[in-house]
Amino acid sequence: VNMPIYRFLVEGKGLTPPIMSVAGNAGEYIIGIFAFALLPAVLEELLCRGIIMREYENYGRAFAVFAAASMFAMLHMSLASFVFTWILGIVLALAVQKTDSIYPAIIVHFSTNFYSLTCEYLTNIMPPELMGVWVGVRIGIIGIFGFGFAVAMLMLVHIHVKRRTQPRKRETHFGFSISFLVLIAIYLLNHIRLIAELFGK
């Protein structure tokens, strides 16, 4: 869904598609906010936390978090960023479970994508004489995000403590479905292809 829309917007505006998610000008940056920040945040959360995690809750809440995070990491098809996306997937899954709402996950996901896109864009257009100031600003932004993340985690813990008195369903601990197996196969085949291309050069 994402890539055809992105291509349509880029070709309609006569812009050169940026490599990966790095925008070269203001037009590409604005399109990138929609195509690389907002749309993936909504669609990936609806898939991973809205559909997949609910599917795996039949096998237990803990396993549902693990499965949703694993599928989220594999969807990005990047071995280099697998650990980061897996940890982020766990955080997003826990946020959905603890709040009983998908909106916090969408907001955090969008914020992460938006921050990455914006930093790359500003780094590309930043004059060399302002680069030192920009590095300081980035550190400040990371500090603000870190503080917000800490507050959010404390709120989730508070919600969890309040709900501990509620009766819980009996949980099982293991399970697979066709969707998980297919995604694992696609992920492995993709990396086999990448390795074959690497050694073929």
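Let us start with the cysteines: the structure has 0 disulfides, a disulfide being a pair of cysteine sulfur atoms within 2.5 Å. C48 is buried at 1% relative accessibility, and C119 is buried at 2%. Here buried means under 20% relative accessible area, exposed means over 50%, and partly exposed is in between, with a 1.4 Å probe and protein chains only.

Before going on, a word on what you are looking at. This is a predicted model, in which local features need pLDDT of at least 70 and side-chain atom pairs count only at pLDDT 80 or more, while totals for chains, interfaces and linings use all residues. Residues are numbered from 1 along each chain as its sequence is written, and side-chain values use heavy atoms, with hydrogens and water left out.

Now for the overall picture. The protein has 7 helices and 0 strands, giving the pattern α-α-α-α-α-α-α along the sequence. Helices (H or I, at least four residues) and strands (E, at least two) are DSSP runs, numbered from the N terminus. Of the 201 residues, 31% count as buried. The accessible surface is about 12600 Å², and 74% of that surface belongs to carbon and sulfur atoms; such areas come from the Shrake-Rupley method with a 1.4 Å probe, and for residues only the protein chains shown count as cover. Among contacts with a separation of 6 or more, 68% are between residues 24 or more positions apart, where contact means heavy atoms within 4.5 Å.

Next, step inside. In soluble globular proteins, nonpolar side chains tend to be buried together. A nonpolar core is a set of buried Ala, Val, Leu, Ile, Met, Phe, Trp, Tyr and Cys residues joined through side-chain atoms within 4.5 Å. The largest one here has 21 residues, and M53, Y56, M71, F72, L92 and V96 touch the most other members. Two or more residues each come from helix 2 (26-56), helix 3 (61-75), helix 4 (82-99), helix 5 (103-125) and helix 7 (178-200). Helix 3 gives the most, with 8 residues. Take M53 as an example: leaving out residues up to four places away in sequence, M53 touches C48, A64, V65, A68, A93, V96 and Q97.

I106 is buried, at 13% relative accessible area. Apart from neighbours within four places in sequence, I106 is in contact with A41, V42 and E45. I106 and L46 are 60 residues apart in sequence, yet their C-alpha atoms are 8.6 Å apart in space.

Side chains of opposite charge can pair when their charged atoms come close. The structure holds 2 salt bridges, each a side-chain nitrogen of Lys or Arg within 4 Å of a carboxyl oxygen of Asp or Glu. In one, E45 pairs with R49, with the closest N and O atoms 2.7 Å apart. Both residues lie in helix 2, 4 residues apart, or about one turn of the helix. E45 is buried at 0% relative accessible area, and R49 is buried at 1%. R54 and E57 also form a salt bridge, at 2.7 Å from N to O. Here E57 is partly exposed at 24%, and R54 is partly exposed at 36%.

L47, I51 and L75 make a nonpolar surface patch of about 240 Å². Patches are made of residues with over 30% relative accessible area and no salt bridge, with like charges joined within 9 Å and nonpolar side chains (Val, Leu, Ile, Met, Phe, Trp, Tyr) within 5 Å. L75 is in helix 3 and is partly exposed, at 34% relative accessible area.
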